[in-house]
Amino acid sequence: MKTKVLMVCLGNICRSPLAEGILKSKINPETVLVDSAGTAGYHVGNSPDPRSIAVAKKHGLDISFQKCRKFSEKDFEAFDLIYAMDKSNFANIIKLAGSKVEERKVKLLLDEVDLGVSEVPDPYYGGEDGFENVFQMIDIACEAIAKKLI
Ligand code: 4NP
């Protein structure tokens, strides 16, 4: 059985598409399924933010085919691990959980590593350097997750 991992941020256009693309690049797709979603529905159906597409491309990853979708209560059944990019996303996901089993699937992405910070900052209103910073943080966390999944 595949381990199913869902990356979640607010808009599903900046951080979680990067987390999806980065983790996919580190795992065996025959044993691990990776997807992403947003707690808000502002951008449903849209491609990732051009700045996320660009920073992924700079690091050799193509995330341009991804399409934004909203997190749904059904995701608690469909996924084994649900990683929130920040505490606000975490709280919004937990609010939708229907049981302790579902709550226990939800984790903060950066709890997997010791970076001295617990949240991946929202880069949406910042500059390009914010996206590189976010890429590096997510990359370190995904490396740790991929090692655990093997
Ligand atoms: P994300 O960034 O949660 O990393 O995808 C955001 C994208 C869009 C908005 C906020 C954050 N927005 O307000 O539209």
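Q: Is Asn12 buried or exposed?
A: The terms rest on relative accessible area: buried means under 20%, exposed over 50%, and partly exposed in between (1.4 Å probe, protein chains only). With a relative accessible area of 2%, Asn12 is buried. Please note that this is a predicted model, in which local features need pLDDT of at least 70 and side-chain atom pairs count only at pLDDT 80 or more, while totals for chains, interfaces and linings use all residues. Residues are numbered from 1 along each chain as its sequence is written, and side-chain values use heavy atoms, leaving out hydrogens and water.

Q: Where is Asn12 found?
A: Helices and strands are DSSP runs, numbered from the N terminus; a helix is H or I with at least four residues, and a strand is E with at least two. Asn12 is in the loop between strand 1 and helix 1. Its phi is positive, about 55°, although Asn12 is not a glycine.

Q: How many bridges join strand 1 to strand 2?
A: Two strands are said to pair if DSSP finds at least two bridges between them. Strand 1 (residues 3-9) and strand 2 (residues 32-38) run parallel and are joined by seven bridges. Within this pair, Val34 of strand 2 stands opposite Val5. Five of the seven residues of strand 1 are buried, which leaves the strand mostly covered.

Q: Which strands pair with strand 3?
A: Strand 3 (residues 81-84) pairs with strand 1 in the parallel sense over four bridges. In this pairing Leu81 is the bridge partner of Val5, and Ala84 is that of Val8. Strand 3 also pairs with strand 4 (residues 106-108), again in the parallel sense, over three bridges; there Ile82 stands opposite Val106. Strand 3 is covered on both faces, with Leu81 and Tyr83 buried on one side and Ile82 and Ala84 buried on the other.

Q: What unit do strand 1, helix 1 and strand 2 make?
A: A crossover is right-handed if, with the strands pointing away from the viewer, the path from the first strand over the helix to the second runs clockwise. Strand 1, helix 1 and strand 2 make a right-handed β-α-β unit.

Q: Why is helix 1 described as largely enclosed?
A: Nine of the ten residues of helix 1 are buried, so the rest of the structure largely encloses it. Among these buried residues are Arg15, Leu18, Glu20 and Ile22. To say what they pack against, one uses contact, which means heavy atoms within 4.5 Å. The buried residues of helix 1 pack against strand 1, strand 2, helix 2, helix 4 (87-96) and helix 6.

Q: Which residues of helix 2 are buried?
A: An α-helix has 3.6 residues a turn, so residues three or four places apart point the same way. In helix 2 (residues 50-58), the buried residues are Arg51, Ser52, Val55 and Ala56. They fall within an arc of 135° when seen down the axis of helix 2, so they line one face of the helix; the arc is that of the directions from the helix axis to the C-beta atoms. Pro50, Lys57 and Lys58, on the other side of helix 2, are exposed. The buried residues of helix 2 pack against helix 1 (15-24) and helix 6 (128-149).

Q: What is found at the start of helix 2?
A: There, a side-chain oxygen of Asp49 comes within 2.8 Å of the backbone nitrogen of Arg51. Helix 2 is followed by Gly60, which has a positive phi near 85°.

Q: Is Gln66 buried or exposed?
A: Gln66 is buried, at a relative accessible area of 6%, and is found in the loop between helix 2 and helix 3 (75-78). Leaving aside neighbours within four places in sequence, Gln66 is in contact with residues including Pro17, Glu20, Ser36 and Asn46.

Q: How many disulfides does a search of the whole structure find?
A: A disulfide is a covalent bond between the sulfur atoms of two cysteines. Here the term is applied to a pair of cysteine sulfur atoms within 2.5 Å. A search of the whole structure finds zero. The closest cysteine sulfur to that of Cys9 is in Cys14, 6.9 Å away, which is too far for a bond. For Cys142, the closest is in Cys9, at 12 Å, again too far for a bond. Cys9 is buried at 2% relative accessibility, and Cys142 is buried at 0%.

Note on methods. Polar contact = N/O pair within 3.5 Å; in protein donor to acceptor, adjacent residues only side chain to side chain.
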